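Subject: Structure for you to look at

Dear colleague,

Here is the structure that I promised to pass on to you. Please open it beside this message, so that you can follow the notes below while you read.

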Amino acid sequence: QVQLVESGGGLVQPGGSLRLSCVASGRFFSVNAMAWYRQAPGSERELIARATSSGSINYAASVQGRFTISRDNAKNIVDLLMDSLKPEDTALYYCNAEIQQTMIQLARNYWGQGTQVTVSS
């Protein structure tokens with residue numbers, strides 16, 4: 001049984017900072033990548049940042065230079081450090097993990113339940 005649990009969301013003023021954290025629990029053969037998505041009301045879910053086990057990192061243009069994704073591969077933890085937050089960053093943020101549970105299976109996507117980030121003055 002794979003479970004992703006996010007934490008760290010909340011209310012913050014524009015220009016402020018937040019740190020989101022996600023922990024993947026269960027028995028895995030490999031966690032190939034972990035990522036953060038977000039979805040605002042009326043909008044499609046958007047990939048914000050993704051980090052592979054080999055160290056490749058990608059950011060959406062909307063957050064590049066402000067957000068930082070950080071993985072602890074041994075502990076299956078991924079953090080999202082958010083600086084210089086803007087009202088348009090307000091959304092439900094989801095943790096995503098690409099996990100191969102056994103050696104003979106392909107990787108599958110798993111999702112957390114989401115944590116709300118609200119940027120408002």
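This is a predicted model: local features need pLDDT of at least 70, side-chain atom pairs count only at pLDDT 80 or more; totals for chains, interfaces and linings use all residues.

Residues are numbered from 1 along each chain as its sequence is written, and side-chain values use heavy atoms, with hydrogens and water left out.

Salt bridges

Side chains of opposite charge can pair when their charged atoms come close. The structure holds four salt bridges, a term used for a side-chain nitrogen of Lys or Arg within 4 Å of a carboxyl oxygen of Asp or Glu. In one of them Arg-50 is joined to Glu-98, with the closest N and O atoms 2.9 Å apart. Arg-50 belongs to strand β5 (residues 46–52) and Glu-98 to strand β9, so this pair ties together parts that are 48 residues apart in sequence; strands here are DSSP runs of E with at least two residues, numbered from the N terminus, as helices are runs of H or I with at least four.

Another salt bridge brings together the side chains of Arg-38 and Glu-46, at 3.3 Å from N to O. Arg-38 is buried, because its relative accessible area is 7%, whereas Glu-46 counts as partly exposed at 30%; buried means under 20% relative accessible area, exposed means over 50%, and partly exposed lies in between, with a 1.4 Å probe and protein chains only.

Asp-89 and Arg-66 also meet through their side chains in a salt bridge, at 2.8 Å from N to O. This pair links distant parts of the chain, since Asp-89 is in the loop between β8 and β9 and Arg-66 is in the loop between β6 (57–59) and β7, 23 residues apart. Both Asp-89 and Arg-66 are buried. Through shared partners, salt bridges join Arg-38, Glu-46, Arg-66 and Asp-89 into one network.

Aromatic rings

The structure holds two aromatic pairs, where rings of Phe, Tyr and Trp (its six-membered ring) pair if their centres lie within 6.5 Å, and planes under 30 degrees apart count as stacked, over 60 as edge-to-face and the rest as tilted. The ring centres of Tyr-94 and Trp-111 are 6.4 Å apart and the planes stand at 85 degrees, so the pair is edge-to-face. Tyr-94 lies in strand β9 and Trp-111 in strand β10, 17 residues apart. Tyr-94 is buried at 11% relative accessibility, while Trp-111 is partly exposed at 36%. Ring pairs link Tyr-37, Tyr-94 and Trp-111 into a cluster.

Arg-45 lies over the face of Tyr-94, at 3.8 Å from the ring centre, and over the face of Trp-111, at 4.7 Å from the ring centre; a charge sits over a ring if NZ of Lys or CZ of Arg is within 6 Å of the ring centre and within 35 degrees of the ring normal.

Exposed loop residue

Ile-104 is found in the loop between β9 and β10 (108–111), and Ile-104 counts as exposed at 79% relative accessibility.

Backbone angles

Most residues other than glycine have a negative phi. Asn-76, which is not a glycine, has a positive phi of about 55 degrees, and Asn-76 sits in the loop between β7 (67–72) and β8 (77–82). Ser-84 has a positive phi as well, near 50 degrees, and Ser-84 belongs to the loop between β8 and β9 (91–100).
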